[in-house]
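Please look at the sequence and the structure before reading on.

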2 protein chains.
Amino acid sequence: MSRRRLALIFALGCGLAIPPLQADEDSPVEAAIKYRQSAMKLVGANFKPMGAMLKGELPMDQAAFARFGKDLAAIAGIDILRGFPPDSEGADSKAKADIWLNWDDFRQQMEGFQAEAAKLGAVAAGGDPAAIKEQFGATGKTCKGCHDDYKE
Amino acid sequence: MSRRRLALIFALGCGLAIPPLQADEDSPVEAAIKYRQSAMKLVGANFKPMGAMLKGELPMDQAAFARFGKDLAAIAGIDILRGFPPDSEGADSKAKADIWLNWDDFRQQMEGFQAEAAKLGAVAAGGDPAAIKEQFGATGKTCKGCHDDYKE
């Protein structure tokens, strides 16, 4: 048996003997809800301290700000829509049914956020305060727009 | 008032009137625990279906596999250690106290995972089955090593 095959079998033994696409005992809907909530948690964990720095609630730390921007862009770049399969409203979710009734609009708004967050990551690395403030505002507008329409 | 300033004020009004670095009503420790659990949830949500495809539990879909690899690498690239501030064990956490007793080793293991996951993302995009299996195994080994030492 090759080393490659042994390594594969080893990795596959690492907790992977569970149904595909589901975490632990979660149903597919529960797994999807946790997926999107995890993504949004990480978005907020980076966007919020950036806002706090711009607002003066936290001292501006350009290196930390750039890192938050980089990580925000990375999270925003994943397949977030994967966390919204049809009818995955669920009891533990603030996602409105309108998401699936207006899927094309929801998708476009999500992609708008993803595009603005990617730009914010680049602008944050650049360090130009005026550009940062403008792009932070543009990104926040996509958050608010989508939450207003599709989040309880 | 400039459009830039208006956009900033608008964005700052979008739910940012909360303590910095904390999500909603969470304490800093609770926020850190949710941050790291969210990151690990997203890691698993990508790594597990890759394993299921390699194992034959899911049909191999090269495009989906590459996307999982890309997203895994993106998540692994964020500042995961930020979710492990000193003494953030907490009731809802499976993180062992050994993390903070052996911080340098924990950090090195985390960085090892991050490096292997980045390689897996690249290899998954390349599409070479043998290289994918090898790198999947190498990445899974870093998951298991760190979980064995530092996760309840």
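## Helix packing in chain B

In chain B, helix α2 (residues 28-55) packs against helix α5 (residues 103-126) at an angle of about 45 degrees, and their axes are 13 Å apart. α2(B) is therefore oblique to α5(B); angles under 35 degrees count as roughly parallel, over 145 as roughly antiparallel, 65 to 115 as roughly perpendicular and the rest as oblique. From α2(B), the contact (heavy atoms within 4.5 Å) is made by Met40(B), Val43(B), Phe47(B) and Met50(B), and from α5(B) by Met110(B), Phe113(B), Leu120(B) and Ala124(B). By class, the contact of α2(B) with α5(B) has eight nonpolar, no polar and no charged residues. Nonpolar here covers Ala, Val, Leu, Ile, Met, Phe, Trp, Tyr, Cys and Pro; Asp, Glu, Lys and Arg count as charged, and the others, Gly among them, as polar.

The model is predicted: local features need pLDDT of at least 70, side-chain atom pairs count only at pLDDT 80 or more, and totals for chains, interfaces and linings use all residues. Residues are numbered from 1 along each chain as its sequence is written, chains are lettered from A in the order in which they are written, and side-chain values use heavy atoms, without hydrogens and water.

## Positive phi in a loop

Most residues other than glycine have a negative phi. Asp87(A) has a positive phi, and Asp87(B) has a positive phi too.

| Residue | Phi | Loop | Relative accessible area |
|---|---|---|---|
| Asp87(A) | about 65 degrees | between α3 (62-76) and α4 (98-101) of chain A | 59% |

Helices are DSSP runs of H or I with at least four residues, numbered from the N terminus.

How values were computed
Axes fitted to C-alpha atoms, helices over the stretch in contact; angles between N-to-C directions. Helix = DSSP H or I, 4+ residues; strand = E, 2+ residues; numbered from the N terminus. Buried < 20%, exposed > 50% of the residue type's maximum accessible area, 1.4 Å probe, protein only.
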